[in-house]
Amino acid sequence: MTTTPVITQDTSAQIASELATVALELHRSTVQVRSRRMGVGSGVIWQKNGLIITNAHVAQNERVTVELSDGQVLDAVRTAIDPRRDLAALRVNATDLPTVAVGDSNALRVGELVLAVGNPQGVFGALTTGIIHSLDLTETPSRQRWVIADIQLAPGNSGGSLANAQGQIIGINTMIAGGLALAIPSAEVEYFLKGGSRPYLGVTLRPVQLLFSNRRLLGLLILEGAQDSLAMAAGLRVGDVLLGICGQNFHTPDDLLNVLEQAEPGQSLPLEFVRNGKRCYCNVVVRPSCDVAPPIVAEV
C-alpha cells in the first residue's frame, strides 16, 4: 500500500523560500543584451571574469551593450560566434560578476522542474517555470540537440538561462516551436567555449537527381562556396555534384550533415563527387571554426 505524501504549511513555505532564492540568483546572473540590429535580448554571465553567453541572433553585431541586474551598463565585445548552434560569447571588462553553477544537461529527465529567466518584452529578469517536455537526442549516446521544455517564453527571452530546480544552468533558451521552448544544452555551450564547433563544408547545396553509370543517384550540386571553407580547401568547385562521403552514397540531403556532425577535428573525410561527367574524389580535413558558414540545402 502506498501513501500520498502530505505537504504541510511549513514544507510549502520552505519550498517557496528555496525557489525564491534560486530565482534571485538566476536574476543576478542574467543580463540584458542590446544590439542595434536585434534590439533587446538576454544573456547569462557564464564566468565571473566577464564572459557572457547569449544567442548568435541576439549578438549579431561585434559590439553590443549589456545591462547587469544592478543597473550597471557595460560595453561588450563578441569574441566567438556559432550561427548554426545559435551561440555567441561576449566579453566585458569586469571581474567578480555574479554567476551560478552550470548543470549537466545530459543528466536531465523528462518531467523535471525547470526555471527560465530572461527579459521578455523588455521586462528585466522575468521568471517562468515549467517542466522538461522531451530531450531531442542525436544518434550519438548522451548527445542532445535541444532541451525541450513546456515553459512560457516570449521575445526577449532569447539568450537567457534555463535552469533546474537547484538553480544550475542546463540550457540557453533560443526559440519557441509549437508552443514549447527550445534551449541549447549546457554541454553544447561548454563544447563551444572550448573552441569546438561543428565542422561545415561552407557551401550552398541543391539536391539534384543524377543518372550516373546507369544508376539514378541523389547528388548535391554546389551552387556557391565560402572563401577559405573546407570545401574550397579540398579543391571542390562551384558546379561539382557531391555523391557521397566516407564510401556511402547520399540517400537524403541530411546524410552529409549527419556525417559532419559526428566528425572530429583533424579527421579526414573521403568525399566522392562528379565534375564534368567524371567521378572524382577528394579528402576533406576537418577543422573546427565558428566563422565558416554551414552547408545550406537550398529549396529545390
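Trainee: Is Asp96 buried or exposed?
Mentor: This is a predicted model, in which local features need pLDDT of at least 70 and side-chain atom pairs count only at pLDDT 80 or more, while totals for chains, interfaces and linings use all residues. Residues are numbered from 1 along each chain as its sequence is written, and side-chain values use heavy atoms, with hydrogens and water left out. A residue is buried under 20% relative accessible area, exposed over 50% and partly exposed in between (1.4 Å probe, protein chains only). Because its relative accessibility is 64%, Asp96 counts as exposed.

Trainee: What is the phi of Asp96?
Mentor: Most residues other than glycine have a negative phi. Asp96 lies in the loop between S6 and S7, where strands (E, at least two residues) and helices (H or I, at least four) are DSSP runs numbered from the N terminus. Its phi is a positive value in a residue other than glycine, near 55°.

Trainee: In which loop is Cys246 found?
Mentor: Cys246 also has a positive phi, of about 55°, although it is not a glycine. Its relative accessibility is 36%, so Cys246 counts as partly exposed. It is found in the loop between strand S15 (241–245) and strand S16 (248–249).

Trainee: Why is strand S7 largely enclosed by the rest of the structure?
Mentor: Strand S7 covers residues 113–118. It is largely enclosed because the number of buried residues, out of six, is five.

Trainee: Which residue of S10 is the bridge partner of Val117?
Mentor: Two strands pair if DSSP finds at least two bridges between them. S7 and strand S10 (residues 161–164) pair in the antiparallel sense over four bridges. In S10, the partner of Val117 is Ser161.

Trainee: How many salt bridges does the structure hold?
Mentor: Side chains of opposite charge can pair when their charged atoms come close. A salt bridge requires a side-chain nitrogen of Lys or Arg within 4 Å of a carboxyl oxygen of Asp or Glu. By this rule the count of salt bridges is five.

Trainee: Which residue meets Arg34 in a salt bridge?
Mentor: The N to O distance of this pair is 2.1 Å. It links distant parts of the chain, 33 residues apart, with Arg34 in strand S1 (residues 30–35) and its partner in strand S4 (residues 63–67). Arg34 counts as partly exposed because its relative accessibility is 31%. The partner, buried at 17% relative accessibility, is Glu67.

Trainee: How many residues apart in sequence are the parts tied together by Arg85 and Glu188?
Mentor: Arg85 forms a salt bridge with Glu188, with the closest N and O atoms 3.3 Å apart. Arg85 lies in the loop between strand S5 (73–82) and strand S6 (87–92), and Glu188 in helix H2 (residues 186–193), so the sequence separation of the parts they tie together is 103 residues.

Trainee: Over the ring of which residue does the charged end of Arg85 sit?
Mentor: A charge sits over a ring if NZ of Lys or CZ of Arg is within 6 Å of the ring centre and within 35 degrees of the ring normal. Arg85 is buried, and so is Glu188. The charged end of Arg85 lies 5.4 Å from the centre of the ring of Trp146.

Trainee: How far apart are the closest N and O atoms of Glu272 and Arg279?
Mentor: Glu272 is buried, because its relative accessible area is 12%. Arg279, with 33%, is partly exposed. In their salt bridge, the distance between the closest N and O atoms is 2.0 Å.
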